[in-house]
Amino acid sequence: MKRAAIIGSGIGGLGAAIRLAAKGFEVHVFEKNEHPGGKLSQFEVDGFRFDMGPSLFTLPQLVTELFELHGKKASDYLDVVELDMTCNYFFPDGTNLRAWSDRDRFVEEVANAGFEAQVLENYLERQSFLYRFTSNFFLFNSIHKPSTYVGEAGRRSLKALHRLDAFTTMHARNERTFGKTNLTQLFDRYATYNGSDPHRAPATLNMIAHLEHNMGAFFPKNGMYGIVSALVKLAQEVGIAFHYNSKVTGLKLTKDKVEGIFVESEFHPAELVVNDTDIAYFYQHILPKPNMLKRLMRRERSSSALIFYWGVKGSSNLDVHNILFSSDYRAEFEGLFKQKRLANDLTVYIFISKKVVETDAPEGCENWFVMVNAPEHVGQNWEEETARAREIVLKKMEAHLGYSIENQIKNEKVVTPAEIESRTASVHGSLYGHSSNSAFAAFLRHPNFSRRYKNLYFVGGSVHPGGGIPLCLASAKIVDNEIS
Ligand code: FAD
């Protein structure tokens, strides 16, 4: 039996491990932490459970597929519900707009707020078109292989190239569609789903909205970490071995192949190696290549996050996902990508898993995951930034919700970009590897394979096709297709 070594147990690593096991490999996953999941992790305190990272779950079929590959039913491992409301939006002018999963209901809500329903319908149709014409090419294939361009998916996308909106920005397209209105801000926000700036990211990425508004937003009945638990359970059942507290420190190489990995001085032979760690970290610490690292670090990193996990007394009338928008979105992104500091007004995201998972907080309490987008970690004083952000966030909550929650906070944990970097080895704490702030960013991502070492592959949020749970799982699918 051929052996495969996976470096890192993030969602991309888990996906690759399960796929390779289905191909007949003996799979070993090496993880530096004592638990699996990477950015997808959780913690518990005083009867509260918090998902620490991702909270939005789209394209669940990419998880389901992993079970089917082994002849199992995903629903025996993971119970997923479709949310009624994808997000509850609060705007600076006092408007509250509920984005219902049901498209007709959302369109009606928007029409009731004074917008033209048909304009929104046309916009969502357009995003559906963009997804249909690009996903097979950009998301589920390697764009670094000539064969992809001459294959059916490639030809289809290239034929429609002039309609893919790559040379205008997300914001420009949204403003042209909705004017200077709340809907522009609502749809601009999808740039943050891959850590980018809507004023610079190509309008092709407006298709991210298609996932939630046309395909639905989902949530595991036992919380986001339920995805990791289910995948690890499946992995163990199919014989995948997990090695925790095992930091991979190097590779054994021949001229054109990898012969295995080192965990400090301990050698583990492997016929195939898949890296799931941040690609810049990989070329700095696992396969040191100073020139490659320099090239990668010249590219702009995606944004990071500053998160307050609050155990809150009382029951709010908020939903699972809630957004309190800032009054100057452009200044916020300039803060993130130019000044590299938090702006004076911030968009606040509140995620309350207790709204689905009853046991996630004690009776009469809620678990609030309160996040603001933050710049990559480049040595800022996070103690100061955290104190400033906390004040802004509390004031904004009071303005939008009509009451102060400060005295209702029973316990608090804060995670900064610096901590995200040290916990997950994500360079500068970026959530999604590089940003997508240019029309060419998609093409500049690192391929899913090594051009020199023929049995070395790459998955995860810092390589093609990008960050976020669905794309990391897509990277595993691409690697699966590349291996005969
Ligand atoms: P990672 O999660 O980056 O894991 C890499 C793993 O490699 C880690 O476990 C790390 O410990 C391990 N590792 C590193 N170095 C070594 C080594 N030398 N040896 C062994 N192991 C090593 N995505 C969404 O889809 N929806 C969201 O709502 C969303 N929100 C987010 C909110 C936050 C706060 C964060 C942090 C992320 C969010 N994301 C979201 C992004 C998503 O979490 C990531 O894109 C995805 O989980 C990354 O998976 P990955 O496969 O790249 O691996």
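Predicted model: local features only at pLDDT ≥ 70, side-chain atom pairs only at ≥ 80, totals over all residues.
1. Overall make-up. The chain contains 17 helices and 19 strands. Its radius of gyration is 22 Å, close to the 23 Å that the globule rule gives for 484 residues, so the chain is as compact as a globular protein of that length. The C-alpha trace spans about 65 × 55 × 45 Å along its principal axes.

2. Of the 484 residues in the chain, 60% are buried. Among contacts with a separation of 6 or more, 71% are between residues 24 or more positions apart. The chain exposes about 19400 Å², and carbon and sulfur atoms supply 48% of that area.

3. The shell around the ligand. There are 38 residues around the ligand, and those that come nearest are Glu 31, Lys 39, Asp 276, Gly 468 and Ile 469. By type, the shell divides into 16 nonpolar, 16 polar and six charged residues. Helices H1 (11-22), H11 (279-286), H15 (417-424) and H17 (469-482) each supply at least two residues of this shell. H17 gives the most, with three residues.

4. A polar side-chain atom of Asn 33 lies 3.2 Å from a ligand oxygen. A polar backbone atom of Gly 461 is 2.8 Å from an oxygen atom of the ligand, and a backbone N or O atom of Gly 468 also lies 2.8 Å from a ligand oxygen. Taken alone the ligand exposes 1000 Å², of which the protein buries 96%.

5. Tyr 283. This residue lies in helix H11, one of the helices that supply at least two residues of the ligand shell. Tyr 283 has 5% relative accessibility and therefore counts as buried, the cut-off being under 20%. Leaving aside residues up to four places away in sequence, Tyr 283 touches Pro 288, Lys 289, Met 292, Leu 293, Leu 296, His 446 and Phe 458. Between Tyr 283 and Pro 54 there are 26 Å in space, C-alpha to C-alpha, and the two are 229 residues apart in sequence.

6. Asn 437. This residue is placed in the loop between H15 and helix H16 (441-444). Asn 437 counts as buried because its relative accessibility is 8%. A polar atom of the Asn 437 side chain lies 2.8 Å from the backbone nitrogen of Asp 197. Asp 197 is also one of the residues that Asn 437 touches, and the others are Ser 196, Arg 200, Ala 201, Glu 300 and Phe 337, not counting residues up to four places away in sequence.

7. A cis peptide bond. Most peptide bonds are trans. The bond that joins His 464 and Pro 465 is cis, with omega about 0 degrees. Pro 465 is in the loop between strand E19 (456-458) and H17.

8. Positive phi values. Most residues other than glycine have a negative phi. Asp 165, which is not a glycine, has a positive phi near 60 degrees. Asp 165 is in the loop between helix H6 (152-159) and helix H7 (170-178). With 9% relative accessibility, Asp 165 counts as buried. Asn 245, also not a glycine, has a positive phi of about 50 degrees. Asn 245 lies in the loop between strand E9 (241-243) and strand E10 (248-253). Asn 245 is exposed, with a relative accessible area of 54%.

Definitions and conventions
Residues numbered from 1 in each chain as written. Heavy atoms only, no water. Near = heavy atom within 4 Å. Polar contact = N/O pair within 3.5 Å; in protein donor to acceptor, adjacent residues only side chain to side chain. Areas by Shrake-Rupley, 256 points an atom, 1.4 Å probe, with all protein chains shown as cover. Helix = DSSP H or I, 4+ residues; strand = E, 2+ residues; numbered from the N terminus. Nonpolar A, V, L, I, M, F, W, Y, C, P; charged D, E, K, R; others polar. Rg over C-alpha atoms; globule rule 2.2 N^0.38 Å. Buried < 20%, exposed > 50% of the residue type's maximum accessible area, 1.4 Å probe, protein only. Contact = heavy atoms within 4.5 Å.
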